[in-house]
Amino acid sequence: AAELSSAVVGSFDGDQVNNIRVSPRSIVIDLRLKGNIEDAKREILRFVKIKQRGTIKWTQNKRTVVINGIVEAIDMPRWNNGVTMQITLHCSVPYWEDIDSVVTEITEAIGLHYFTETVDDMLYFPIDGIPFGEYDISRSKDFYNAGDVDVGMQIEITAYDTVTNPIIYASNGEFFGVGYGTGDKSVVMSAGDKIVIKTGRNAKSVVLNNTTNLLSKVKPLSTWLQMKAGDNTFIVNSDDESIRNMIFAIEFKQRYI
């Protein structure tokens with residue numbers, strides 16, 4: 001369920017909504033005990049304990065999703081045989097999440113070589129040769145989030161050559177930039193360097209080569225970009241004139257109600 005915060009405005013009908021947030025979710029698992037009831041209870045309590053953190057994995061129709069929770073309550077009547085034991089989990093993040101991530105590179109290799117079945121479709125090689133492939137130099141890519149809600153992402157920037165102040169734009173005008181200007185706030189990547197940007201809840205970070213924290217060099221007015229539910233378009237750029245100096249990879253997990 002969603003919680004709405006609103007205020008009454010003057011003599012206007014209705015109200016004005018100021019804030020919307022989704023409440024935590026409780027999941028109740030009913031276990032019908034059989035055989036020796038007390039032994040069954042003790043066996044369950046060997047693995048499920050109050051205040052314990054755990055994950056529920058659910059597979060249905062070839063889709064596997066997970067949700068994290070804390071054991072909030074264990075209700076188990078002591079003096080009956082035909083009883084149902086209840087385990088209640090408190091889920092701070094109320095969404096089921098794909099167990100596997102969606103991973104897409106924004107800049108990809110395009111294969112130009114192919115084999116044919118007929119003479120008419122034959123691929124001929126000129127004297128000066130022919131490329132087997134080339135980079136897709138389009139800096140704009142479309143993504144589709146089939147989940148029910150917006151989610152954070154992991155964005156990986158890998159440099160093929162010198163990359164100065166990389167930045168990624170969303171189609172709604174929001175952006176996230178690493179480095180700006182030419183002074184001590186600028187970021188210059190060399191070939192082989194990798195920047196990882198994480199925009200998820202309670203997991204926001206910007207790290208170079210798994211060691212250097214770049215949070216102090218985030219471009220002003222940057223937004224921790226989210227993969228919106230539905231269609232998304234992201235555009236990447238840098239201060240360099242080269243269009244072949246880097247690749248971006250975007251990874252996210254779809255979430256469901």
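## Salt bridges

R42 and D39 form a salt bridge through their side chains (3.3 Å, N to O), the term meaning a side-chain nitrogen of Lys or Arg within 4 Å of a carboxyl oxygen of Asp or Glu. The two residues are 3 apart in helix α1 (residues 37-47), so about one helical turn separates R42 from D39. R42 is exposed at 51% relative accessibility, while D39 is partly exposed at 45% (buried is under 20% relative accessible area, exposed over 50%, partly exposed in between, with a 1.4 Å probe and protein chains only).

The model is predicted: local features need pLDDT of at least 70, side-chain atom pairs count only at pLDDT 80 or more, and totals for chains, interfaces and linings use all residues. Residues are numbered from 1 along each chain as its sequence is written, and side-chain values use heavy atoms, with hydrogens and water left out.

The count of salt bridges is 7. Another of them joins the side chains of E97 and R255 (3.0 Å, N to O). E97 belongs to strand β7 (residues 96-98) and R255 to strand β22 (residues 255-256), so this pair ties together parts 158 residues apart in sequence. R255 is partly exposed, at 22%.

## Largest pocket

The largest pocket has a volume of about 960 Å³. (A pocket is an open set of points on a 1 Å grid over the protein atoms alone, where a 1.4 Å probe fits, with protein on both sides within 12 Å along at least five of seven lines; lining residues have an atom within 4 Å of a point.) Its lining has 34 residues, and V93, E97, G200, R201 and R255 lie nearest the centre.

Notes
Points joined across faces, edges and corners; volume = space filled by probe spheres on them. Helix = DSSP H or I, 4+ residues; strand = E, 2+ residues; numbered from the N terminus.
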